[in-house]
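Please look over the structure below, together with its sequence, before reading the notes that follow. The notes are grouped by topic.

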Amino acid sequence: MRDFPLFPDQASTFAPQVDQLYFFLVALSLIFAGVLPFVILYLIVRYHRSQKADRSNPVNSNLKLELTWTIIPLILVMLVFFWGAFLYVQMRTPPARTLDVYVIGKQWMWHVQHPNGKRENNELHVPIGQPVKLIMTSQDVIHSFYIPAFRVKQDVLPGRYTVMWFQATKPGEYHLFCAEYCGTEHSLMIGRVVALPLADYERWLATPGPVILPDGSIDTGRPTVVANPGDPMAAAGARLFTNLGCAGCHAMAGGGVGPSLNGLYGATQKLNDGSTVTADENYLRESILNPTAKIVAGYAPVMPSYQGQISEDQLNQLIAYIKSLADTGN
């Protein structure tokens with residue numbers, strides 16, 4: 001922690017905006033903290049029992065003064081509220097085109113899987129100048145993915161996905177922390193984020209290397225992992241989709257026992273109970289693990305649950321495959 005500065009670098013598009021709001025709040029606090037004590041001290045001295053003062057408590061009113069101490073704080077509070085709300089909405093709304101990276105938190109490591117299948121543990125390589133969206137879940141307890149230099153932090157929850165996005169602006173290596181106490185070895189759950197120019201990132205992504213398995217071990221028996229662009233995460237999901245027999249019910253041309261998955265991701269699904277739901281990552285996850293929770297209108301609840309049959313990694317691959325169907329329209 002000795003190399004952790006009091007104010008980390010501003011290395012994302014959010015960092016300057018977050019800092020501006022932070023310093024505005026600090027300045028506001030210092031102003032009030034600096035003025036109010038002197039006002040209180042003046043009143044203590046002015047109305048001390050030893051001082052001659054009018055103690056008849058006459059009823060006076062000063063409308064201008066009352067409006068002043070009401071309106072000015074109101075303006076400041078509303079300014080902070082709308083400033084913070086605007087920034088929050090910005091940080092919670094990823095752009096339409098992002099580089100999607102899947103993250104699994106577990107005691108005591110971060111497991112990352114890139115779209116082309118390359119994996120890393122306790123490290124995250126990202127390109128600068130490109131919006132990156134992290135789709136995160138936890139394998140055990142609540143964690144919190146925190147990159148101080150990017151001024152972003154997001155809880156990572158078991159049983160569902162949470163999303164965080166950012167755009168790095170400066171190449172370099174930055175701290176990665178778990179900011180949620182998650183157990184006795186919580187303090188060891190640290191890593192680094194490496195921001196690279198796009199060409200270097202693509203070169204790193206395609207660089208052969210040992211396969212880091214989800215349990216943290218390194219499979220040195222297979223020296224390459226991503227040299228073949230034909231083995232992306234979505235392709236792994238497609239193979240899994242076939243191997244699990246999903247294709248037997250979800251006919252892509254329609255007319256199967258289950259609905260077609262073409263164009264499903266991001267679309268609005270009408271359910272048997274008349275309600276609707278947006279087919280995002282959490283809906284897809286729930287439909288795979290608990291398929292009777294939300295039945296698509298016109299279909300029977302006959303799909304078996306895959307709870308306990310597939311890992312978090314495989315679940316991410318299946319979802320990546322279904323998302324790819326929305327992109328290509330295949």
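Which residue caps the N-terminal end of α2? The cap is N62, with a side-chain oxygen that lies 3.2 Å from the backbone nitrogen of K64. The model is a predicted one, in which local features need pLDDT of at least 70 and side-chain atom pairs count only at pLDDT 80 or more, while totals for chains, interfaces and linings use all residues. Residues are numbered from 1 along each chain as its sequence is written, and side-chain values use heavy atoms, with hydrogens and water left out.

**Helix α2**

- Helix α2 covers residues 63–92, where helices (H or I, at least four residues) and strands (E, at least two) are DSSP runs numbered from the N terminus.
- The end C-alpha atoms of α2 are 43 Å apart, which agrees with the 44 Å that its 30 residues should span at 1.5 Å a residue, the expected span being 1.5 Å times one less than the number of residues.

**The open sheet**

- Five strands form an open sheet in the order β3-β2-β1-β5-β8, with mixed pairing; two strands pair if DSSP finds at least two bridges between them.
- Because β3 (119–121) and β8 (162–167) stand at the edges, each with a single partner strand, one side of each is left without a neighbour in the sheet.
- Within this order, β1 (residues 99–106) pairs with β2 (residues 109–113) in the antiparallel sense over five bridges, and G105 has W110 in β2 as its bridge partner.

**Strands β4, β9 and β10**

- Strand β10 (residues 190–196) runs parallel to β4, to which five bridges join it, and V194 in β10 is the bridge partner of H125.
- Strand β9 (residues 172–178) also pairs with β10, here in the antiparallel sense and over six bridges, with V193 in β10 as the bridge partner of Y174.

**Residue E123**

- E123 is placed in strand β4, which comprises residues 123–127, and this residue is partly exposed, with a relative accessible area of 24% (buried means under 20%, exposed over 50%, and partly exposed in between, with a 1.4 Å probe and protein chains only).
- Leaving aside neighbours within four places in sequence, E123 is in contact (heavy atoms within 4.5 Å) with V112 and R192.
- The side chain of E123 makes a polar contact with the side chain of R192 at 2.8 Å; such a contact is a pair of N or O atoms within 3.5 Å, where within protein one must be able to donate a hydrogen and the other to accept it, and residues adjacent in sequence count only if both atoms are side-chain atoms.
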